[in-house]
Number of protein chains: 2
Amino acid sequence: MREVAIIGIGETKFGELWERSLRDLGIEAGFKAMGDAGISGNEIDAIFLGNMSAGQLIDQEHIAPLIADYSGMAEKNIPAIRIEAASASGGLALSQGYMAVASGVHDIVVVGGAEKMTDVGDDAANEIMAKTADQEWEAVFGATLGSLYAMMARRHMNEFGTTKEQLASVAVKNHLNGSMNPHAQFRSPIKLEAVLRAPMVASPLGTFDFAPLSDGAAAVILAPLDIAHKYSDTPIKILSCGQAGDYMALHDRKSITRMDATVVAGKKAFKYAGIQPKDVNLAEVHDCTTISEIMAIEDLGFFKKGQGGKVTEDGSTALNSKISINTSGGLKAKGYPVGASGVSQAIEAVTQLRGEAGQRQVSKAEIALLHNIGGTGSSAIVHLLGRC
Amino acid sequence: MREVAIIGIGETKFGELWERSLRDLGIEAGFKAMGDAGISGNEIDAIFLGNMSAGQLIDQEHIAPLIADYSGMAEKNIPAIRIEAASASGGLALSQGYMAVASGVHDIVVVGGAEKMTDVGDDAANEIMAKTADQEWEAVFGATLGSLYAMMARRHMNEFGTTKEQLASVAVKNHLNGSMNPHAQFRSPIKLEAVLRAPMVASPLGTFDFAPLSDGAAAVILAPLDIAHKYSDTPIKILSCGQAGDYMALHDRKSITRMDATVVAGKKAFKYAGIQPKDVNLAEVHDCTTISEIMAIEDLGFFKKGQGGKVTEDGSTALNSKISINTSGGLKAKGYPVGASGVSQAIEAVTQLRGEAGQRQVSKAEIALLHNIGGTGSSAIVHLLGRC
């Protein structure tokens, strides 16, 4: 297996982009990434595209060849592959692209993620999101993803004494980070009181405990490490990747204050890379809700189980603290174009590892972790990235 | 890259299976394949699942971990990946699984395909199918996949003198083959007159020019060739795989009597395997319509462009003729659970190459080709399989 590097990154603005179509967003992200790598379409061997639900959200299935076509790659009959694992679609697209280059099947691939969430309205979007949990045992009875995460939060509070203030401190931190990210959807810091007083969605989680449902797209270009310097002065190496699954329905899991898919995916990624959680300087973890980030930083081994709330509250996960978590603003403030989120996380990691993160630059940025989950955690994927 | 073999196969009945759920079908196919390989769930490293539109058809996204879960693999946190390329989803799942084993990322994987088409009714199913063409430029104006294929047929008739009788002869042949396949949805031979007199769907294509929309699932188990004999007396080798894309909308293509994605995917597969079309004994080609099969056997290089209708009519593609095309009955008679079709094709090829096809056995079955396309041909994937 060859070593693989990320040689180009590009993404659109995230937000409620009424005037943009999914194909339009996909093309913009791809072209920006190709521009960043200084590469032409003629050099691309394949496209891997992460997307959750275009069939329901914009009435278009089969979107990988669509975006390849509108990016000018149909002329050369470039193969395009869509990967779906709900909100982990982008992360899985990255891993499949990584495997394709590492194995020598392809040399240069584009890994994209794109989602257009806002065309159908909030209620329909939430209903579609709920279909990523177990439809027959959860969604059909009215469970939304928000209510399922609320159960995890309530149980975490019960088992470990996690407080609403600790949950809120995740949002405060991520909005602060987002305020320093020109690409973030939300660029205003928020106060703890504002999070606590926000309208309740599913107790104990209020409006500000949730990432927004955004439109947007992100893309990275992968190449074998041995030719990466031809395209980039600062190629970033993919050190490893680990994926795992879990029971779909919460009621089948051994615990709902832990995501076993995250635990196992993380262990695999650390093992393959030969490093430990303490070696990681920054991590983009899947903070679709505040409790998600708290569980993630525990399950990835950065902190002991039950301590996630406390360490967030005391600042241990803030920028340039013990470990910098979600320096981009996370899904919470950078925005959450669902199936694109895993690719967007890679873009933040590359930006940090290149030393190009400006005001939010992590001072010692050598190893970064990406953590993307699907649904309520029945898919998880972890990548480790490092400077060459 | 390691050599890879198929060591187990399994599929459900195809048809209008009102009493069965998608998860139920997926599990049955997977368990049958594992039973065929004599393998336990503990030996499975990953699941690759092809599916077109479960989000719209059964209100369930994220179905790869769902089927992994209900197959008992959540306990071990087995990674599960859904691949979507419309009707080529199964073929692409096979290629991704193949890449995973060939590269050494995984040792033993299950590749499944599953689709539940009938729960939403025919009109909705056709509307969903149309979303695999270009929604903004084709489907939104009322074009169904059937009408788009009808345009290809009409043009093929105009350019090459292909007749309605020649189109019909594809259906007659495939129903005859299906009559010899205990796993086929339609087991009655049909007469040419019946095809010609069938109600018109989109001129020149009538009811019997189309494959049915079926429920069903199929699964194969892949392993490195060097350990394949541990599990199977007759492992079947995957010789190569080629994938290609094309413009989404028909109006953008250079020709609509040729599918360039098929041409390019086929050439890649033949090149990688170091063989030629004349070396192939049998092929399962994507006959979602009769014109599709005619174009496929031309585009794959088995016959000259424009001759597909004529050679079908004169019997050159019948069982044990020059080349045996769609011995299973094809999508037309075996059935068409859309995203599962590519995996189902692999099952027929393995059955033939093992010499277990009974009444429809190809006498010299050494090399088989699988051809799966998505939408109206903007994705195509070709696999070549051979006896060890």
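Student: With 388 residues, what radius of gyration does chain A have, and what would a compact globule have?

Tutor: A compact globule of 388 residues would have a radius of gyration near 21 Å, and chain A has 19 Å, which agrees. The radius is taken over C-alpha atoms, and the globule rule is 2.2 Å times the number of residues to the power 0.38. This is a predicted model, in which local features need pLDDT of at least 70, side-chain atom pairs count only at pLDDT 80 or more, and totals for chains, interfaces and linings use all residues. Residues are numbered from 1 along each chain as its sequence is written, while chains are lettered from A and ligands numbered from 1 in the order in which they are written.

Student: What does the C-alpha trace of chain A span along its principal axes?

Tutor: The trace spans about 55 × 45 × 40 Å.

Student: How many helices and strands does chain A have?

Tutor: Chain A has 14 helices and 12 strands. Helices (H or I, at least four residues) and strands (E, at least two) are DSSP runs, numbered from the N terminus.

Student: What percentage of chain A counts as buried?

Tutor: Of its 388 residues, 67% count as buried. A residue is buried if 20 or more other C-beta atoms lie within 10 Å of its own, exposed if 12 or fewer, and partly exposed in between, with C-beta atoms placed from the backbone.

Student: Now the domains: where are they in chain A?

Tutor: Domain 1 covers 4–121 + 214–228, and domain 2 covers 125–212 + 238–387. These bounds come from an automatic or database domain assignment. The C-alpha centres of the two domains of chain A lie 23 Å apart.

Student: Changing topic, what rotation superposes chain A on chain B?

Tutor: A rotation of 180 degrees, with 0.0 Å of shift along its axis, superposes chain A on chain B with an RMSD of 0.0 Å. The two copies are thus related as by a two-fold rotation axis. The superposition is by least squares on the C-alpha atoms of residues with pLDDT of at least 70 in both copies.

Student: And why do the copies meet through the same surface?

Tutor: They do so because 100% of the interface residues of chain A are also interface residues in chain B. In numbers, 50 residues of chain A are in contact with 50 residues of chain B. Elements that give two or more residues to the chain A side include α3 (63–70), β3 (80–84) and α10 (260–273). The residues of that side divide into 24 nonpolar, 17 polar and nine charged.

Student: In what sense do β3(A) and β3(B) pair?

Tutor: β3(A) and β3(B) pair in the antiparallel sense over three bridges. Two strands pair if DSSP finds at least two bridges between them. A:I83 stands opposite B:I83 in β3(B). Five of the five residues of β3(B) are buried: B:A80, B:R82 and B:E84 point one way, and B:I81 and B:I83 the other way.

Student: Which strands join β2(A)?

Tutor: Five bridges join β2(A) to β4(A), and these strands run parallel; A:V110 in β4(A) is the bridge partner of A:I47. β2(A) also pairs with β3(A) in the parallel sense, over four bridges, and there A:F48 has A:I81 as its bridge partner.

Student: Why is β2(A) largely enclosed by the rest of the structure?

Tutor: Five of the five residues of β2(A), residues 46–50, are buried, so the strand is largely enclosed. A:A46, A:F48 and A:G50 lie on one side and A:I47 and A:L49 on the other.

Student: Last one: how many residues of α3(A) are buried?

Tutor: Eight of its eight residues are buried, among them A:P65, A:D69 and A:Y70. Just after α3(A), A:G72 takes a positive phi of about 90 degrees.

Methods
Two residues are in contact if their C-beta atoms, placed from the backbone, lie within 7 Å. Ala, Val, Leu, Ile, Met, Phe, Trp, Tyr, Cys and Pro count as nonpolar, Asp, Glu, Lys and Arg as charged, and the others, Gly among them, as polar.
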